[in-house]
Amino acid sequence: MPKLIDLSLPLTTNVTVVPGHPVLSFHPIHTHETHGRSNTEMHASIHTGTHCDPPYHFVPGGKTIDQMPLERFMGPAVKIDLRRKVKPRTGITIEDVRTSPGFREQDLKGRIVVFHTGWNRKMFGDPTYYFNNPFITTELARWLVSKRIKALALDSPQDQVQGKGEPRPGDFPVHRTFLGKGIPFIEHLANLHKVPKRTFTLIAFPIKIEGGDGAPCRAVAVV
């Protein structure tokens, strides 16, 4: 039997949220004591915790999460171990990827590429998680797009956040590079250190939100 490894972060009230997004909260609708059952309202950004980004997140007229083929969010994956290369507030380069353990360029085409930086395991919950993170350089983003990867999954933010101001047109170039070519993201994976193999099957089906610019997902490695 295959082994399933949960790669998802739990949704809790202390989960780290994208700067400017609302803090996740839960409110009881019914309780066992009063109503003989439990029902709960959840208030959160759909980009909270482990989630998927479709093109529409940054591309006007791009496919929304409910329009994306489910095949984009499952299939053969290759893990790129960058833990010994990444540094806070430093760009991840093409050379970093090419010199990662066991790397083979022919493994990229048609696969979900998984960046294992260790940042999530070390820093998730820290207020600097979205500001001091290692980030993908635009050169690396364009190179991966040229390799025709299926999706990019990772355990850290993709872009370098410039300050705490309001979003503006043209920012987050890595998001725009991938999503502009129809390549979705699977963001903020956990437990990648528990995946024993460099190649495995990844399943990360997003919730079907009509017109959604993203959606939470339950990411699982099948090994």
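## Aromatic pairs

Rings of Phe, Tyr and Trp, the last taken by its six-membered ring, are counted as a pair if their centres lie within 6.5 Å. In this predicted model, that rule gives a count of five aromatic pairs. Ring pairs also join Phe124, Tyr129 and Tyr130 into a cluster.

## Phe58 and Phe172

One of the pairs is formed by Phe58 and Phe172, whose rings are stacked, with 6.0 Å from centre to centre and 15 degrees between the planes. Phe58 sits in the loop between β4 (51-53) and β5 (74-81), while Phe172 belongs to the loop between β9 (151-154) and α5 (173-179), so the contact ties together parts that are 114 residues apart in sequence. Phe172 has a relative accessible area of 25% and is therefore partly exposed.

## Phe103 and Trp143

The ring centres of Phe103 and Trp143 are 6.4 Å apart and the planes meet at 40 degrees, which means that this pair is tilted. Here too distant parts of the chain are linked, since Phe103 is in the loop between α2 (94-98) and β7 (112-116) and Trp143 is in helix α4 (residues 138-146), 40 residues apart.

## A nonpolar surface patch

Leu11, Phe26 and Met42 together make a nonpolar surface patch of about 250 Å². Of these residues, Leu11 lies in the loop between β1 (4-6) and β2 (25-30), and with a relative accessible area of 33% Leu11 is partly exposed.

Key
Residues are numbered from 1 along each chain as its sequence is written. This is a predicted model: local features need pLDDT of at least 70, side-chain atom pairs count only at pLDDT 80 or more; totals for chains, interfaces and linings use all residues. Side-chain values use heavy atoms; hydrogens and water are left out. Rings of Phe, Tyr and Trp (its six-membered ring) pair if their centres lie within 6.5 Å; planes under 30 degrees apart count as stacked, over 60 as edge-to-face and the rest as tilted. Helices (H or I, at least four residues) and strands (E, at least two) are DSSP runs, numbered from the N terminus. Buried means under 20% relative accessible area, exposed over 50%, partly exposed in between (1.4 Å probe, protein chains only). Patches are made of residues with over 30% relative accessible area and no salt bridge: like charges are joined within 9 Å, nonpolar side chains (Val, Leu, Ile, Met, Phe, Trp, Tyr) within 5 Å. Accessible areas come from the Shrake-Rupley method with a 1.4 Å probe; for residues, only the protein chains shown count as cover. A salt bridge is a side-chain nitrogen of Lys or Arg within 4 Å of a carboxyl oxygen of Asp or Glu.
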